[in-house]
Amino acid sequence: MAAVSLCAPSHAEAASEDTQLERLNSAGHTLKWNWNPPGRQERYGHAETLVQAPLAGVRTQVLDFSHYKDLSGGKFKQSRMVGKEGGNTDVYFQVPVMKGLLSIWYVSRFTPPQVPAPGVEMVEGRFVRGNIKDMHIQLKMRQIDERFTVMSCDLYVEPNLPAPQSAVDEELRDACKDAVEAIRDKSQGFKGDVPFVTPPASTPPAARAGQ
């Protein structure tokens, strides 16, 4: 899987939606990597996972801003809603760094769900203020069928503190993985991965009547 992660950025840029599902089903677990999304110079963390839940159920968890602390894998010291206006929601985050010696904090403004394509919804958060330079997050949901949804996260954070890019990369992709897996488990009502299986075709009523 290390080889998959190293190759994933170039694959992701050219991948079709069917290829994304095939990639996740083949891996059997959440995938994560770092990349520069199309049209962006900044280096983001990325993670994607397959959720056994309809898109509406996944959306409910993505919009549950009052429980965003649960998406951090225990890394957030604090996370709470601090404002709501015109459909946008401001969320405050505080994250300990350097083994708790310092903390970074920021407020992100999250948009209502956008629909960039049929069966696809995205919630975006952008930097408002804090003791970092910038941040941006995209939480994307894509409906596979009435049973399954692909959940993905892209995250960029530019700290004020000097840090090697390799360390920043690791934090970003791990944070994305924590987020999509927490949303997956909450949406499903249980933890873990479930492979996508095409449901058997139903027998037409006329055919059943003639049996």
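This is a predicted model: local features need pLDDT of at least 70, side-chain atom pairs count only at pLDDT 80 or more; totals for chains, interfaces and linings use all residues.

Colleague: In which sense do strand 6 and strand 7 pair, and over how many bridges?

Modeller: Strand 6 (residues 114-117) and strand 7 (residues 120-130) are paired in the antiparallel sense, over two bridges. Their hairpin has two residues between the strands, and Gly119 there takes a positive phi near 80 degrees.

Colleague: Which residue in the turn of the hairpin of strand 3 and strand 4 has a positive phi?

Modeller: That residue is Gly86, with a positive phi of about 60 degrees, and this hairpin has two residues between its strands. Strand 3 (residues 78-85) pairs with strand 4 in the antiparallel sense over seven bridges. Within this pairing, Lys84 has Thr89 of strand 4 as its bridge partner.

Colleague: How many helices and strands does the protein have?

Modeller: There are five helices and nine strands. Along the sequence, they follow the pattern α-α-β-β-α-β-β-β-β-β-β-β-α-α.

Colleague: How should I read the directions of side chains along a strand?

Modeller: In a regular strand, side chains alternate between the two faces of the sheet. In strand 2, Tyr44, His46, Glu48 and Leu50 point one way, whereas Gly45, Ala47, Thr49 and Val51 point the other way.

Colleague: Are the residues of strand 2 buried or exposed?

Modeller: A residue is called buried when its relative accessible area is under 20%. Eight of the eight residues of strand 2 (residues 44-51) are buried, so this strand is largely enclosed by the rest of the structure. For the protein, 40% of the 211 residues count as buried.

Colleague: Which strands pair with strand 2?

Modeller: Strand 1 (residues 31-35) is joined to strand 2 by five bridges, and the two run antiparallel. Here Leu31 has Glu48 as its bridge partner. Strand 9 also pairs with strand 2 in the antiparallel sense, over seven bridges, and Leu50 stands opposite Val150 of strand 9.

Colleague: Why does Met135 count as buried?

Modeller: Met135 counts as buried because its relative accessibility is 3%, and the cut-off is under 20%. This residue is found in strand 8 (residues 134-143). Leaving aside neighbours within four places in sequence, Met135 has contacts that include Tyr106, Gly125, Phe127 and Val157. The C-alpha atoms of Met135 and Gly125 are separated by 8.2 Å, with the two residues ten apart along the chain.

Colleague: What is the relative accessible area of Leu102?

Modeller: Leu102 has a relative accessible area of 38% and is therefore partly exposed, since that class lies between 20% and 50%. Leu102 is found in strand 5. Not counting residues up to four places away in sequence, Leu102 touches Val95, Pro96, Val97 and Leu161.

Colleague: How does one look for empty space in a model?

Modeller: Rolling a probe the size of a water molecule over the atoms shows where empty space is left. In this model, the largest pocket holds about 800 Å³ of space. Of the 31 residues that line the largest pocket, the closest to its centre are Val95, Ile104, Val157, Glu171 and Leu172.

Colleague: Which element gives the largest share of the lining of the largest pocket?

Modeller: Helix 4 gives the largest share, eight residues. By class, the lining has 27 nonpolar, one polar and three charged residues.

Terms used. Residues are numbered from 1 along each chain as its sequence is written. Side-chain values use heavy atoms; hydrogens and water are left out. Two strands pair if DSSP finds at least two bridges between them. Helices (H or I, at least four residues) and strands (E, at least two) are DSSP runs, numbered from the N terminus. Buried means under 20% relative accessible area, exposed over 50%, partly exposed in between (1.4 Å probe, protein chains only). Contact means heavy atoms within 4.5 Å. On a 1 Å grid over the protein atoms alone, a cavity is a set of points where a 1.4 Å probe fits but cannot get out, and a pocket is an open set with protein on both sides within 12 Å along at least five of seven lines; lining residues have an atom within 4 Å of a point. Grid points are joined across faces, edges and corners, and a volume is the space filled by probe spheres set on the points. Ala, Val, Leu, Ile, Met, Phe, Trp, Tyr, Cys and Pro count as nonpolar, Asp, Glu, Lys and Arg as charged, and the others, Gly among them, as polar.
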